[in-house]
Amino acid sequence: MLGGAPELSGRWERLDPRPRAARMLRQVLHVGLRTSFHALGRFVAGHAVFFASAPVLLSILLGASFSRYRVEGDVESLLAPKHSLAKIEGNLVESLFPVNRSKHALYSDLQTPGRYGRVIVTARRGSVLDPVHLDTILQLHRRIYQMQVTVPAMTVGSGSFNYSFSYLCLPDDRNICIVDDIIRAMEEIQSARTSNRSVPVLRYPITQLADGRQAYIGHQLGGVQGWGPGGAVRVQGTGVKGEGVRSAKAVQLTYYLHSRSGLMDRVAGQWEKAFCAELKLFGSLHPKLGLYPSTSSSLRSDFQFSSVLARRPLLASLGVCGVLAILCCSMRDCVRSKPWLGMLALLSVTLSGLTAAGILNLTGATYNSTYLGIPFVMLGHGLFGSFEMLSSWRRTREDQHVKERVASVFEDIMLRFSGSTMIHLMTLGLAASPLTNMEAVRLFCRTAALAITISYIYMLSFYSSCLVFTGYLETRYRHGCFCRRVPKPDRLDSKPAWYRCLMYTRYQDETQSTNIPHGVGHTHVPNPSLTHVETRTENSSGVSGHTASAIETHSPPEIHLTTPTELHPQDSHFLLGCVRRCYGDWITNTYVKPFVVLLYLVYISFGLMGFLQVTQGSDPSALVAMDTATVLYTRAQQRYFSSYSPVIGFYIYESAPYWNASVQRDLLEYAKGFQRISWLEAYLDYLSDRNESTSQPRENFTRTLRHSFLRAPQFAHFADDIIFAERGQGEEPDVAASRIFLVAKTTENKREEMSVLLDTLRRLSLTSRVRFLIFNPSFVYLDRYATAVSSPLRHSLLAVLFLLGLSSLVVVEPLVSLWLGLTLLSVQFGVLGFMTLWGVEMDCVSVLSLISALGHSADCSGPLLCGFASGRGESRTRWVRLALERHGVPSLQTLVCYSAALVPVCSVRSNLTRTLFRCLLLTAGCSALHTLAFLPTLLTFLPPSKTKDHRLGRDGQRQEVECVEMNDSTRVVDQITTV
């Protein structure tokens with residue numbers, strides 16, 4: 001059939017060589033998707049009122065659900081790894097040795113019951129053991145002991161009840177409240193001074209009480225100076241076991257509460273509030289003492305307090321961002337200027353956030369302070385989409401109808417915007433999957449993915465409708481800000497200078513001569529009338545009516561290129577004019593490129609330096625608001641109680657032959673080098689003092705243990721550490737489980753040393769003949785924390801690279817996917833390295849910021865790469881300048897507004913917001929460097945190439961002659977004829 005038509009057969013031969021199947025598939029998908037978005041744009045423009053009002057009404061309806069607003073109360077479940085061996089070990093320990101069954105002694109660093117009150121008392125001058133300070137501390141203890149709280153009854157008319165600490169405390173076997181051993185020691189000292197007896201020697205860290213019992217006070221007495229040999233004074237933390245205490249700077253008191261039911265838990269919560277109020281009052285009456293309280297609810301309230309502190313700065317961020325968005329959308333030309341679109345873009349992001357919050361409230365989700373980063377994730381993505389749409393609108397032909405212009409905008413940018421949204425959803429979605437072991441990360445990513453989805457829908461509906469309305473204002477020759485009709489030039493001449501400045505426009509004069517964008521080959525046929533003839537070259541996938549399609553055309557040699565010095569109507573936009581006339585030429589200058597490459601090498605070097613120094617931040621107190629009770633208490637504890645580690649429980653959870661000499665040697669060897677509170681060691685010494693063998697038959701060993709050792713007053717407290725299992729009738733029971741307490745000598749890096757100690761003892765438990773485990777509540781945060789925190793980031797990064805690799809087969813050019821993947825890796829590497837150099841640790845908040853940085857960097861650099869790769873012909877430098885002009889300016893506008901919105905956040909007195917500010921600011925900075933400096937320079941001498949196809953002759957060009965008849969008053973196209 002084609003052979004009979006020579007003119008067609010010749011044209012068919014010019015299509016060889018045949019494109020590959022993948023390229024053909026990409027072209028088919030591109031045409032189909034662009035056509036679909038074009039139809040969607042026409043549909044939205046035709047129903048602009050509905051798409052503008054529906055999101056507003058939906059947001060108002062869902063916003064009414066804030067009556068169901070709930071705050072997450074379990075901070076441990078958020079910040080600790082969800083699945084860890086430490087949690088399993090903690091459950092086993094609680095089942096064997098529950099804290100409510102302890103009858104003699106409790107260790108504040110080991111037992112964490114449901115409710116407690118704790119205070120560190122420091123002496124501003126002198127020692128807490130001085131008579132004045134010691135009496136004051138004991139007075140404080142008595143006031144707390146006698147303090148009462150009034151709780152109304154559950155039933156109406158029953159009045160109220162008063163509860164004191166003696167009713168809420170954990171009692172011992174004599175029904176007396178368990179108090180810290182340091183209180184008993186201080187009472188003995190006070191009694192001796194009152195009766196003029198010799199003061200008993202207080203030893204550290206293990207002292208002996210008046211009843212002969214050995215008590216560990218290393219976690220209760222801090223800042224200790226002891227007596228050394230020859231009366232010399234030992235400095236803090238250098239003492240040995242059993243040395244006499246000369247002075248101490250701090251003492252820690254803990255009051256455990258027994259919450260047996262819901263009512264008692266509510267009463268205990270009221271007691272904790274009264275406890276903090278009492279300490280505040282007592283501190284004001286005794287300024288010589290420093291009081292640092294902490295309760296079981298302090299971490300939760302201080303963690304959520306960051307949200308309260310950030311309310312006003314977030315509103316300030318919204319205001320600053322709104323002002324800059326208005327400025328970025330403004331132009332010198334009052335008709336083309338669209339300042340309200342900047343405010344409406346911010347309103348679209350706000351409405352999407354309100355809708356997402358309403359959905360969360362209706363589904364029963366809870367809030368936590370890590371959600372403070374979600375508005376900035378939405379802001380970066382939403383602003384970039386709005387600025388891209390506005391930039392594409394300015395490149396459309398101004399003589400077209402508004403519906404056609406909006407359809408062309410959809411056809412031009414929605415494919416790229418949808419791709420960047422998919423990257424956001426892929427990174428956040430995988431991090432929100434059950435593979436994530438950190439609950440705070442999972443909840444954040446789940447909520448952010450929902451917010452991004454709604455923001456994308458609102459960008460297609462609400463913001464696009466607003467673009468339609470402002471387009472009608474432009475078509476009707478109205479002022480972009482005041483919406484009033486701009487007078488004709490002859491009428492403006494008689495107006496004042498300020499009025500002429502406000503009403504300045506060249507829209508009516510330039511419309512017919514600026515339909516082809518800057519930098520695209522075109523010829524003009526002079527025509528003084530309103531009808532003009534234009535000859536243009538298009539490829540098969542060009543966009544009819546949208547000037548952005550010219551980026552994919554092959555310009556014929558005889559068509560000239562517009563130079564940057566020619567007048568262009570869009571130069572009235574400040575940033576666009578600067579990029580077109582100054583920055584594009586400067587960044588692609590031959591003499592500037594070596595310095596940019598050198599800057600990138602410096603960037604990689606510093607990123608590597610920080611990457612090698614990454615540290616994990618497993619301390620939950622590093623994520624709370626500053627100057628709160630938790631932070632002040634933690635600082636005091638690190639200052640005065642850092643010489644020894646927390647008490648570590650060494651639990652033997654299976655029956656073991658304790659009477660065997662080899663087992664005894666193994667257990668003593670395991671505890672060697674620690675400060676020990678061990679029933680086994682005390683029992684062996686007890687047998688040695690009685691001149692009995694420590695290696696006895698099981699029956700004798702157990703009988704002496706039960707009937708002699710545990711009944712001695714000085715050893716009775718060890719009964720809490722042993723569980724006996726009954727055997728047959730008439731036989732001595734077995735020791736089914738037992739525990740001993742270990743305390744290690746530590747330095748300033750206590751948490752790192754505890755992590756190493758945990759790994760060492762766990763490896764030892766795998767090879768030991770005695771089945772044991774170790775536990776401390778801090779292990780819940782330390783156990784596999786680095787893996788739990790970093791795994792969501794690795795999964796998200798791999799998911800993005802996989803998505804880019806898969807899309808390169810069917811949707812995106814392979815080189816674009818490669819460049820975008822390398823850019824994402826480079827941005828992530830830089831943010832991770834620089835945040836470490838800035839003092840940010842790898843915790844859940846920094847990981848959340850790194851995950852969101854993947855989508856943010858894709859937003860900024862993806863359109864630039866696509867715009868550069870889609871061009872054919874001309875030079876690399878020319879297409880880099882065009883890509884910067886068309887996609888670099890929206891990226892720059894987004895980064896300016898985004899960075900300005902972050903500035904008020906740095907004023908929040910919170911560790912969480914400080915980490916968030918630093919990470920997000922580094923994300924914006926690294927994305928800006930890659931989009932505006934590194935990529936424009938590297939693309940000028942690295943693939944993809946810009947070879948010009950010389951086989952296409954003049955006969956192969958599609959010549960389009962467009963006859964356009966314009967009406968000045970309505971500026972609506974009457975007729976378009978395409979030949």
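In this report a residue counts as buried when its relative accessible area is under 20%, as exposed when that area is over 50%, and as partly exposed in between (1.4 Å probe, protein chains only). The structure is a predicted model, in which local features need pLDDT of at least 70 and side-chain atom pairs count only at pLDDT 80 or more, while totals for chains, interfaces and linings use all residues. Residues are numbered from 1 along each chain as its sequence is written, and side-chain values use heavy atoms, with hydrogens and water left out.

**Cysteines**

Because the torsion about the S-S bond of C169 and C177 is about -70 degrees, the disulfide is left-handed.

| Residue | Relative accessible area | Class |
|---|---|---|
| C276 | 29% | partly exposed |
| C466 | 6% | buried |
| D181 | 5% | buried |

D181 lies in helix α8 (residues 181–194), where helices (H or I, at least four residues) and strands (E, at least two) are DSSP runs numbered from the N terminus. Leaving aside neighbours within four places in sequence, D181 is in contact (heavy atoms within 4.5 Å) with A105, L209, R213, A215, I217 and Q220.

**The sheet and its helices**

Four strands form an open antiparallel sheet in the order β7-β10-β1-β11, two strands being paired if DSSP finds at least two bridges between them. Its edge strands, each pairing on one side only, are β7 (221–222) and β11 (289–295). Strand β1 (residues 115–123) and strand β10 (residues 250–257) run antiparallel and are joined by eight bridges, and G117 stands opposite Y255 in β10.

Helix α9 (residues 262–285) lies across β1, β10 and β11, running at about 10 degrees to β1, whereas helix α21 (residues 629–640) lies across β1, β7, β10 and β11 and runs at about 115 degrees to β11. For these angles, axes are lines fitted to C-alpha atoms, for helices over the stretch in contact, and the values run from 0 to 180 degrees between N-to-C directions.

**Helix α28**

Helix α28 (residues 814–837) has 24 residues and reaches 35 Å from its first C-alpha to its last, close to the 34 Å expected at 1.5 Å a residue, the expected span being 1.5 Å times one less than the number of residues. Just after α28, G839 takes a positive phi of about 90 degrees.

Notes: A disulfide is a pair of cysteine sulfur atoms within 2.5 Å.
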